[in-house]
Amino acid sequence: MTKTLHVYRSNGSWAVKREGRRPETFGTRREAVQVAVRDGKKAKAAQVVVHGSDGRILEHRTYGMPIIQEPPKKGLVTSRRIAAAVGKVVLDRLHADPLPDRAGTPAK
Amino acid sequence: MPVRLRSSHIFVNCPFDAGYRPIFNAIVFSVYDLGFVARCALEEDDAAEFRLLKIERLIEECRFGINDLSAVTLDPATGLPRFNMPLELGLFLGCKRFGPANQAKKRCLILDGDPYRYRAFLSDVAGQDIRSHGADPERAIREVRDWLLLASKRTGLPGGGEIIEQYRRFQKDLPDICAVLALEPDRLTFLDLSATITEWLRMRR
């Protein structure tokens, strides 16, 4: 199972989702981040990522796992473009994730 | 004034040609997933600086080195072996041995395709950390992880199986990421590959 708790905008509210799990929704970003951080702290190793509307990282926190270091230099493609491309693919994957029902069985 | 030795930086001394790319990408991915920084001669684009000076500077800055000798084979066109990797390994070991006191902290891993092939062309490196990846990227990941755990003495590093699982997921996502960027996955520069890996790890591990 992945260790990332994603917080992102969903239909006017904020969702907290771990891949393979049903998302929880909240009225505000602050509430969503609080829940994600609480779950992250409880886990042995986790990271919380708050996505902007284009998928890029607005906030990032790591619990019990190595912090990912910055590469040594900038490449030919701007880091902003790379962040947006990765963010788009990650959000697409989250939205396409088959959600398990409350008993934990994947939905058909 | 001695150059600052960066304790999280790893000099990756590996070939970068197409045939070797799967091993190279796997090593770079595991380095970042373990919380370190991959450094490589390919990150430099300043043509005014001599290539060897760039490499010397990189080696001097990095506490760790990963050296893959599997490309030391005879070139069919020239009938001669490629010797850049052993040269850079020699520079790394020389820097550790003869450099300022802080350089004595250097640690390096030597990889090859076969476990004992080095004895036929570089037997003087016997006694170093020499491992074989068998031309298998996932085995290379396990070797890098197990060596780095001992060499760095860091705790909380992910296991080899966990990194491999992440790497498989990254490989599935990479073509889609490159499609958004209008780039070809096999033609990413070292720095763009590094930026893509780090961004992906921050979002999806």
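Let's start in chain B, where five strands form an open sheet in the order S2-S1-S3-S4-S5, with parallel pairing; strands are DSSP runs of E with at least two residues, helices runs of H or I with at least four, both numbered from the N terminus, and two strands pair if DSSP finds at least two bridges between them. Strand S2 (37-39) and strand S5 (129-132) of chain B stand at the edges with a single partner strand each, so one side of each has no neighbour in the sheet. On average, neighbouring strands are turned by 25° against each other, direction ignored.

This is a predicted model, in which local features need pLDDT of at least 70 and side-chain atom pairs pLDDT 80 or more, while totals for chains, interfaces and linings use all residues. Residues are numbered from 1 along each chain as its sequence is written, and chains are lettered from A and ligands numbered from 1 in the order in which they are written.

Look next at S5(B): four bridges join it to strand S4 (residues 107-112) of chain B, and the two run parallel. Here B:Asp112 stands opposite B:Ser132.

Now for chain A, which has two helices and five strands, running β-β-β-α-β-β-α from the N terminus on. Where do the chains meet? In chain A, 30 residues are in contact with 29 residues of chain B, contact meaning C-beta atoms, placed from the backbone, within 7 Å. Strand S5 (57-63) and helix H2 (79-96) of chain A each supply at least two residues of that side, and H2(A) gives the most, with 10 residues.

Methods
Contact = placed C-beta atoms within 7 Å. Axes fitted to C-alpha atoms, helices over the stretch in contact; angles between N-to-C directions.
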